[in-house]
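Let's take a walk through this model together, going from the contact between two chains to the folds inside each one. Please keep the viewer open beside the text as you read.

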Amino acid sequence: MSAREFPVRRLRPARLAMYAIMVGFALFYLLPVYLMFITGMKSFEEVNISRMWDLPSGLRFDSFIAAWKTLERSFLNSFQMVIPATIVSSLLGSLNGYVLSKWRFRGSDALFTAILFGMFIPYQSILIPLVLTLQRLGLYGSIPGLILTHVVYGIPITTLIFRNYYASIPTELLEAAKVDGAGFFTIYRRVILPLSATGFVVVAIWQFTSIWNEFLFGLVITNSPQERPVTVALQNIAGSQYTMWNVQMAGALLVALPTLLVYILLGRYFLRGLLAGSLKG
Amino acid sequence: MERSTQFGSSQQLTRRQLIRRTLAIGVALSSSASLLAACGGGAQPTPTPAPQAAQTPAAAAEDKLEIFSWWTNPGEADGLAALFEIFKQRRPGVEIINATVAGGAGTNAKAVLVTRMQGGNPPDSFQVHAGQELIGTWVVAGKMEPINDLFEQEGWSKVMPKTLLDQISYKGEFFSVPVNIHRSNMLWYNKKVFADNGLEPPKTLDDFFAVAEKLKAAGVTPLSVGGKDKFEVPHLFEDLLLAVFGPADYTKLFSEPSMWESDPRVDQAIEVLDRFLSFANEDRSALSWADAAQRVIDGTAAMTIMGDWAYGYFINKGAKAGEVFGWAPSPGTDGMFMWLSDSFGLPKGAPHRNNAIEWLKVCGSREGQDAFNPKKGSIPARTDPDRSVYDEYLLYSIDRFAQDALAPSVVHGAAANEAYMTEYGNALNVFSASRDKKQVKSMLIEAARELKT
Amino acid sequence: MAGKVAEQVRPRVARREAAARARFPRVDRFIPFVVLAPSVAAILVFVYGFILWSTVVSLSRWQGIVPDLTFVGFRNYATIFTSYRFQSDLRNTIVFTIFFLIGSLVIGLLLAVLLDSRVRGESFFRTVYLFPMAISFVVTGTAWQWLFVPGTPQEPTGLNLLFRKLGLPVFIAWSTTSEVWPGGGWQPEWLRVPLGIPLAMLPVIIAAIWQMSGFTMAMYLAALRGIPDELREAARVDGASEWQVFRYITFPLLQPVTLAAVIVLGHISLKIFDLIMTQTGGGPGFATDVPGIFMYETTFKSNKYAEGAAIAIVMLVMVSVLIVPYLIWRLRTETER
C-alpha cells in the first residue's frame, strides 16, 4: 500500500502533526533572533533581564547606529580578510583536491590523511608559536597575517571537500584528454574547472562563514582597531565593566548579517553541493 | 560539452554558467578589494619590531603614541578621551592610537598584551592594575622600566599616600603611575526598601545578619550577588576577609602563605561567607555584577556588595544617588579602605618612548587625574584634587581615602600575582556553587602555593 | 565524448605540451608534487611543527613571561589530571560530546525526513533551519545565555518568563546550579568531581544543537534526495510499511553521511571554546568548563605556559583518539580500491 492509497481523512492528522513539528522547530530556531532584535530596539534604561520579552517602546534604531559606529571599521577589515582568504584557500583546495583525486602517486593517500589531520587540532594549542612565527615573517598585527593564517588552516577542509567532489568525476574524461595530449594544467583548466562550480560554491560558503565568524585568531593576531575583525570588535562593545545589552544585541545582528545573507541567497547551492558529494565520508 | 552524468542536462549548464559568471565578478571585485587592502596596508601604523632597542634620537619617529587598555564602557572611555585631550595640548601633532580590547573579563586584553610583549612588540604604555599584578607578571620578567626619576621629578612621592606607594613599589622602585583609585569594600542598598522596613544600613557583621533576617521575612532578597564575571563571589570574600582580619593582618595573608592553613580566622571568614550566601539569590552564577546591581535598583533585592564602579552603573541607569540608592562601607569594614588602582607603566622597548613618558606625566598630573576620574567614577591617587569637579559619592570617597587604613585588593590585582588570583577565584567560585567549606579551605591552601614571598 | 575533449584542447597547446614532455619526460611526474608542495610545507610548519613546540613546552617548567624550557618530565600532566578543574573538564567534554552529537543527528534527521516529504514552504523552512549555522558561536552564546537566566519562581526571567507568560508551569534553573544528575552514584576515591550529567551543561548543549542541527539536516536531506525513489517504491510495492521502508532501506543508506557528520561535529565539540566562554564562562563552579577554556585561561591569564601546553596536548590526544582510527580506516579502504 503506497502513501497515495491512504484515505484522505486518515492523512490529515499525520500531515498536521508534521506541520506542527516543523513550525515548532522553526519557532525554536527563530526565538533567539527575535530576542536579539527586540533588545536591540530598546534604550539602555529599558533593557532589563526581568522584562526581556517586553516589546520595545518604539521602533528605535539608535542602538544599531551606535553599534555600527563602533563596528564600521572592523567590517571593512573583516571583508578585506575574508574575501582574499576564501578565494585563495578555495583555489588551493581545488588544486590539491585535483592532485589527490586524479594524479595519485605512492603515498598520496597517506599525505592526504596527514593534511586532513590539521583540521582537527585545537587552535588554542598553537596560538603562541603561531604568533611567534608571524612576527618572524613580519606579518604579525596585520590583515595579511590573518589571511595567511586562515588560508593555512583552511587547507585541510577545502582539500577534503574538493577531493571528494572530484572523486565523482569519471577518470575517462581525463584519460581522453591525456590521449589528446593535454597535460596537468590544461586538464585542470579545460576539464576540471568547468565542472567545479558547485564545489566552489560549497567551499566558498563554508570558508566565508568560518572565517567571518572566527574569533580566536582575530583576537590574538591583530592588536589595533585598524586591523581588528568584526567578531573581536563585537566583544569590545560588550565592555569590560558592564554590558549595554541593547547595543550588544544590535551589534550581534549586524555582524551576523553578511553570513545570513550568504545562506539565504546561496543556501540551495550549498545543498546542491552536498548532494554532489562534497562532504561525503 | 554534453554530460549525461549527475551534472545534468544542458539546462543546468545555463545555471552553472550563471554561477560561473557570478563567481567571476566576485573574483574581480575581491581582487580589487585586496588590491585596495594592500595599498591601505602600506599606510597602516604597524609598529616596527624591537631590534632597535637602542634609543634613536627623538627627531624622526615620535609622531605616534599607542595606548593599550580595556576601557570600552561609557564613562571610562570618556575619561580616557579626556586624558588624550590633555596630551594633545602638550604634544600637538602626535597621533594617538587607542588600542582597546574588551571581553573575557580582561583575559582577552591580557592575551593580546602577552603575545605582543612576548614578541618584543610592546605598546607605548598599557593599562594595568598597580601592585602585584604588574609586578608579578611584567616586572619580575624584566619587561618594564623603573620610573623613580619620574616620581621624583613630578613630585608624586609627596602627593600620593605613603601606604599606597609602599604597596605598589617593588624593591624600592616604582614601575607604574596610578591614575585612579577604586574602593572594593562598599555596600550599596535600596533606600526605599530600607525605609519601608525601618532599617539602617548595617555597620558590623552582626548588624548585617539582623538586617538580612528582617528583609528575608519581608520577602525581599537581602543580598544580591552575581557570578557570571567570575569575580563577584571572590570580591565578596575579600571584603569579608578584611572585616575578619583587619587591614594589617589581611595584607599579611598574601606575604605569609602559611596563614591560610594555620590561622583560625580563615575558617571564621569562610563561615561568615557561607552565612552571607545563605541570604543571597540562588541564581548568582547566571548574573553579572551589573545584573545583580540592577535588582537593587528595581527593589527586588535590598543590598549588593561591590566595588565603587557600581556607582557609575547606577548613575548611567538613571538611578539617583541618595534617592534610589545609598552607600556604606561593607559590613565590618568601617575605617578601612580596600583599594585597587589602574595605572600606566613604561614597557622596555616602547616604540615612542618620549611620548610614552609624556603620557605618564599626564596620567600623574593633577590636571590629568581631575579630568579622568570624574568621568570614570573613581577618585585620584593624588591627595590634592580639585574638589569642585567631583560629585557627592566621589568626595566622600576622597575623604575616606585620605583618612582610612589602606589595604590592597587581591581580586583586582593589587595584593597578589595573576596565578594566585586565578586559583583564589576558582576556589571561591566552586564554593559559591557547592557550599563545601572543607573543599574551599583546601583549595585556598593549594592556591597559596602560588604566592611567592 | 573523446572528440569533444579534443575540440576543447586546442591542438597548438597540446602539441606544445607534448613537445615539452618530450624534452623533459619527467616534468609531468613532478608537477603534482610541486602543486602540493606549498600546502604540505604550510601544514608541516603550522600544524606539526607547532604541535612539536607545544609538546616540548608541556614537558618544561615555563611559567611566567620569560621562557624556560628546562625539562621536567610529565609533572605538568600530573598536576592537571589531579586538579578539580581538569577532571570536571573531562567529564563535561564527554557529556557535551555525547548529547550534542545525538541531539544534532536525531533532530537533523527528523527535520530532513520531514522536509523530504513534499511539504509546502520547504524552501522557507529549510532556510530557517539552516541559518543558525551562519551565526558566530560568540553571538549564539550571548543570546542563549540570556534565555537561560532563571530568575526566581516569583520573578522569573528568560525562558522561565516566557513559560510564565504562556501559562506553562515550567521553571528551569539549570544554568545556575552545579548539580550533577543522577548524582550520589558510584564514584571512585581518586575522583574529585561527581560523575554524571551536570545540569548546567544542558543549556549549552541546547545552544550547540540549535546552531549545528541545520548542518546535519542539510547533510541528511542531500543524502535522502540521493536515494533513488525506485528503491523505496519497490519496497512499498512488496508490501513494506513506511516505517519498514525507512528502517531497512533508507536508514542503512544514510550511514556514510552519519559518519561524516559525526566526524565534523565530533571535532567541533572536542575543541569547543567560544560558545561556552560567552554563554557561561565555564561556571557555575566549573560545571560547564571545558579544556579549551582551561587552556586559554591557564596560558593567558595565569601565564603558566607549560601547564597550558600540557592541556593543549591532552586536547589533541582526545581528538586524535576519535579521528585517527577514522583516518586510518579511510586510508585502508581507499588504498584497497
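Helices here are DSSP runs of H or I with at least four residues, strands are runs of E with at least two, and both are numbered from the N terminus.

Residues are numbered from 1 along each chain as its sequence is written, and chains are lettered from A and ligands numbered from 1 in the order in which they are written.

Staying with chain C, you will find 15 helices and two strands. Of its 337 residues, 48% count as buried; that label needs 20 or more other C-beta atoms within 10 Å of the residue's own, whereas 12 or fewer makes a residue exposed and anything in between partly exposed, with C-beta atoms placed from the backbone. Among contacts in chain C with a separation of 6 or more, 65% join residues 24 or more positions apart. The domain assignment gives chain C a domain 1 (2-58) and a domain 2 (80-336), with bounds that come from an automatic or database assignment. Where they touch, five residues of domain 1 of chain C meet seven residues of domain 2 of chain C. The domain 1 side of that contact has two nonpolar, three polar and no charged residues.

Chain A is also divided, into domain 1 (3-40) and domain 2 (64-275). The centres of these two domains of chain A, taken over C-alpha atoms, are 34 Å apart. Four residues of domain 1 of chain A and seven residues of domain 2 of chain A make the contact.

Now turn to chain B. Its mean pLDDT is 84, and 85% of its residues reach 70 or more; pLDDT is the predictor's confidence in each residue, from 0 to 100. Residues 1-60 of chain B stay under 50. Where pLDDT is low, the predicted coordinates should not be read in detail.

Chain B contains an open sheet of five strands in the order β2-β1-β3-β11-β4, with mixed pairing, two strands being paired if DSSP finds at least two bridges between them. Its edge strands are β2 (95-100) and β4 of chain B, each pairing on one side only. Three bridges join β4(B) to strand β11 (residues 342-345) of chain B, and the two run antiparallel.

Another open sheet of chain B has four strands, ordered β7-β8-β6-β9, and its pairing is mixed. At its edges lie β7 and β9 (325-329) of chain B. Here β7(B) runs parallel to strand β8 (residues 301-305) of chain B, joined by two bridges, and B:Leu223 has B:Met303 as its bridge partner in β8(B).

Two lysines deserve a look. Most residues other than glycine have a negative phi. Yet phi of B:Lys171 is near 50°, and B:Lys230 has a positive phi of about 65°. B:Lys171 lies in the loop between α7 (162-168) and β4 (176-178) of chain B, while B:Lys230 is in the loop between β7 (221-223) and α10 (232-252) of chain B. Which of them is buried and which exposed? B:Lys171 is exposed because 7 other C-beta atoms lie within 10 Å, and B:Lys230 is buried because 25 do.

Key: This is a predicted model: local features need pLDDT of at least 70, side-chain atom pairs count only at pLDDT 80 or more; totals for chains, interfaces and linings use all residues. Two residues are in contact if their C-beta atoms, placed from the backbone, lie within 7 Å. Ala, Val, Leu, Ile, Met, Phe, Trp, Tyr, Cys and Pro count as nonpolar, Asp, Glu, Lys and Arg as charged, and the others, Gly among them, as polar.
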